[in-house]
Amino acid sequence: MNRRRHDPCLRVLIAGLLVGAFSITAPAAQAVPPPSGGGEPSAASSSGASWRSSPVLAADPATVPVPDAVPTAEGVCPSVGYGVRYVAPGEGKTVALTFDDGPGRSTEAIMDILEDAEVTATFFNVGVNEAVRPEIVRAQASRGFLLGNHTWTHPDMATLSETAQAREMDDAIAGQTSLVGAPPCDFRPPYGSYDETTLSLAQARGMNVWNWSVDTEDWKARGSDDPFWVDRIVDLAKAGGSQTNPVVLMHNMPAGSPATVAALPAIIDFYRDRGYTFVDLAGRVAGQPDVEEPVPPDAEEPVPPDADEPRSDGPPHRWPTWPPHTAATAAAGQGDTTLHGVP
Ligand SMILES: [Zn+2]
């Protein structure tokens with residue numbers, strides 16, 4: 001079973017056993033509390049816990065109508081491989097800044113900082129939050145940032161049935177397509193938690209599955225802009241300096257992420273000073289056209305930067321030979337061409 005957690009070992013063990021048992025005996029949705037130890041903030045679970053206790057959702061999902069169904073990404077997003085990625089695309093030293101759980105009150109400030117620094121990034125938005133702040137989603141797209149799918153209500157996917165997982169993906173696809181006219185072709189599971197069903201469903205929808213290799217734990221600031229949190233976020237982000245192609249996890253929570261905003265310039269400076277090129281997860285660089293690069297037919301999968309990074313213990317990953325990442329780049333015959341496998 002593919003699962004990734006930062007939680008204490010005991011919790012992981014218990015959750016794994018529970019999910020493992022349910023996957024055999026009860027395929028219907030099961031309510032295992034989402035993790036709370038790291039990676040991502042907890043949200044209201046599928047068991048019906050109050051959304052008000054969640055920092056992840058901007059509104060009660062029960063009050064947010066799911067957009068009318070639109071054609072799924074299938075046939076629109078390009079075909080992609082099975083598996084999880086956490087190595088930034090591109091040749092040489094590249095870094096991908098990623099922001100989850102938005103849009104929120106800090107999203108525009110984050111976009112302004114990125115734009116001023118001529119840095120691109122990827123936003124894994126939550127569908128409910130997009131419905132609450134549609135104008136920000138349109139601004140993200142029009143300003144050239146890559147938008148990903150982070151589900152409709154931010155559940156722990158590995159606790160859900162196949163039907164429920166598919167609904168979370170498809171509702172988010174419908175919502176984002178209705179706002180920006182194109183479906184997301186990249187998916188990040190909340191908490192980094194997934195199973196084989198998640199990977200198969202994402203692949204069927206043409207979505208690459210992404211986790212991260214650097215966790216800033218910025219959500220733990222919970223709205224504070226105290227220098228303690230700002231410094232901590234910057235320090236944790238610097239861990240990626242030991243990697244050639246880090247994917248950095250940050251957040252833009254509905255209620256705002258002021259510590260993340262305050263930390264971002266120093267994080268940008270850190271990577272820029274060390275010669276990294278900033279890319280989105282489609283391999284695009286701000287202000288530059290996409291570049292086509294051939295993929296060596298016998299390219300070996302690179303070794304992950306270190307053993308503590310997210311990894312999958314599932315079936316062997318099968319990477320495609322030519323996976324442009326977005327409908328737009330696919331239509332133009334362009335896209336990321338440098339494949340980075342994960343173990
Ligand atoms: Zn999240």
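These legends describe close-up views of a predicted model.

**Figure 1. Overview of the predicted protein.** Nine helices and nine strands make up the secondary structure of the protein. Of its 343 residues, 52% are buried.

**Figure 2. Confidence along the chain.** The average pLDDT of the protein is 77, and 67% of the residues score at least 70. Two stretches have a pLDDT under 50. Over residues 1-38 the score stays under 50, and the model has 61 contacts beyond four places in sequence for this stretch. Over residues 291-343 the score also stays under 50, and here the model has 103 contacts beyond four places in sequence.

**Figure 3. Helices α5 and α6 where they cross.** Two packed helices are described by the angle between their axes and the distance between the axes. Helix α5 covers residues 162-180 and helix α6 covers residues 196-204; their axes come within 10 Å and cross at roughly 45°. The two helices are therefore oblique to each other. The crossing of α5 past α6 is right-handed. On the α5 side, the contact is made by E162, Q165, A166 and M169, and on the α6 side by T197, T198, L201 and A202. Sorted by class, the residues of this contact are four nonpolar, three polar and one charged.

**Figure 4. The loop between β2 and α2.** Most residues other than glycine have a negative phi, and most peptide bonds are trans. The peptide bond joining G102 and P103 is cis, with omega about 0°. P103 belongs to the loop between strand β2 (94-100) and helix α2. D101 is not a glycine, yet its phi is positive, near 80°. D101 is also placed in the loop between β2 and α2. Is D101 buried or exposed? D101 has 30 other C-beta atoms within 10 Å, so it is buried.

**Figure 5. T151 in the loop between β4 and α5.** T151 sits in the loop that runs between strand β4 (146-149) and helix α5. Although T151 is not a glycine, its phi is positive, at about 75°. Because 26 other C-beta atoms lie within 10 Å, T151 counts as buried.

Figure 6. Helix α2 spans residues 107-116 and includes I113. I113 has 19 C-beta neighbours inside 10 Å, so it counts as partly exposed; a buried residue needs 20 or more. Which residues does I113 contact, leaving aside its neighbours within four places in sequence? I113 is in contact with V261, L264 and P265. A262 is 149 residues from I113 along the chain, while the C-alpha atoms of I113 and A262 are separated by 9.8 Å.

Figure 7. Strand β8 runs over residues 247-251, and L249 is part of it. L249 is buried because 29 other C-beta atoms lie within 10 Å. Not counting residues up to four places away in sequence, L249 touches T98, D100, W212, V214, D215 and T216. A96 is 153 residues away from L249 in sequence, but the two are 8.9 Å apart in space, C-alpha to C-alpha.

Note on methods:
Residues numbered from 1 in each chain as written. Predicted model: local features only at pLDDT ≥ 70, side-chain atom pairs only at ≥ 80, totals over all residues. Helix = DSSP H or I, 4+ residues; strand = E, 2+ residues; numbered from the N terminus. Buried ≥ 20, exposed ≤ 12 C-beta atoms within 10 Å, placed from the backbone. Axes fitted to C-alpha atoms, helices over the stretch in contact; angles between N-to-C directions. Parallel < 35°, antiparallel > 145°, perpendicular 65-115°, else oblique. Left-handed = near helix turned anticlockwise from the far one by under 90°. Contact = placed C-beta atoms within 7 Å. Nonpolar A, V, L, I, M, F, W, Y, C, P; charged D, E, K, R; others polar. pLDDT = per-residue confidence, 0-100.
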